[in-house]
Amino acid sequence: MFFFKILAVALTFSNGLVLGNPAPNGQKLESRDIGTQLSAANHYGSPIPPWEAGAKPGWYYGKSPSLLDLLGLGGLPVLDGLLCLIIDILPGCLHCPHPPSHPKPPPSDGWTQVFSNLTGAIEADDFLTFGMTDDVEGCKQMCENVGPCFFINAYHDVNGKDGSPLLTCSLYANCHTAAEATNLGGQSQPDGSIDFIRQSDGFCFTGTG
Ligand SMILES: *[C@@H]1O[C@H](CO)[C@@H](O)[C@H](O)[C@H]1NC(C)=O
């Protein structure tokens, strides 16, 4: 494993390896930039918070990266394979979840649902990052790998258009309530579409008791 990590990094820095799917506009993610792009200071790839115009997810964690092209998110870093090997050893960088082989059953997974099925998303200063996941479980795993993260807000929005099952997954340092789900969408997107929020769920990490 260690050998492969060294190999991955050597390859990366010698060739400027291209990571993720090439975006339709030809934009590519160069690995020499990945540490900066996915740094905490850059909100792990999503410097604009979800409630502001021009916000774009910073990453995808899930099993269906081919869906990203359909959503116009083809250039999004996919947290998988070689990219995970590289960013795992970059300091201050987003790390990929390493799910336990026997996940704990939901009632005791340490997460408490705070709200569900709202048409608003959380707007708060302790925003850490947002990306795309396949499900709530994937969003929880991301939070557990971004420290210090204690709250997830998972919802469908403009990034889930065209019938995509993908969720937008926003991570926060502190827990929040439905009263703070004040982002009701309405932001125009670069492609002219208008953002909306559906099925917004919030979960607070309260620890395993
Ligand atoms: C979620 O809320 C919408 C209205 O915003 C409602 O139509 C739908 O039935 C709700 N779904 C559930 C599972 O409660």
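Q: Phe-151 first: buried or exposed?
A: This is a predicted model. In it Phe-151 has 0% relative accessibility, so Phe-151 is buried.
Q: And Tyr-172, buried or exposed?
A: Buried: Tyr-172 has a relative accessibility of 0%.
Q: What is the geometry between Phe-151 and Tyr-172?
A: They form an edge-to-face aromatic pair, 6.4 Å centre to centre with 65° between the planes.
Q: Which strands hold the two?
A: Phe-151 is in strand β6 (residues 151-156) and Tyr-172 in strand β7 (residues 167-172), so the pair ties together parts 21 residues apart in sequence.
Q: Which rings are in the cluster with them?
A: Ring pairs link Phe-151 and Tyr-172 with Trp-51, Phe-115, Phe-127 and Phe-130.
Q: How many aromatic pairs in the whole structure?
A: The search finds 7. One of the pairs is Trp-111 with Phe-205, which counts as edge-to-face because the planes are at 70°, with ring centres 5.2 Å apart.
Q: Where do those two sit in the chain?
A: Trp-111 is in strand β4 (residues 111-118) and Phe-205 in strand β8 (residues 198-205).
Q: What about accessibility for Trp-111 and Phe-205?
A: Trp-111 is at 9% relative accessibility and counts as buried. Phe-205 has a relative accessible area of 26%, so Phe-205 is partly exposed.
Q: Changing topic, which residue lies over the face of Phe-203?
A: Lys-140, at 4.7 Å from the ring centre.

Conventions:
Residues numbered from 1 in each chain as written. Predicted model: local features only at pLDDT ≥ 70, side-chain atom pairs only at ≥ 80, totals over all residues. Heavy atoms only, no water. Phe/Tyr/Trp six-rings, centres within 6.5 Å; stacked < 30°, edge-to-face > 60°. Helix = DSSP H or I, 4+ residues; strand = E, 2+ residues; numbered from the N terminus. Buried < 20%, exposed > 50% of the residue type's maximum accessible area, 1.4 Å probe, protein only. Lys NZ or Arg CZ within 6 Å of the ring centre and 35° of its normal.
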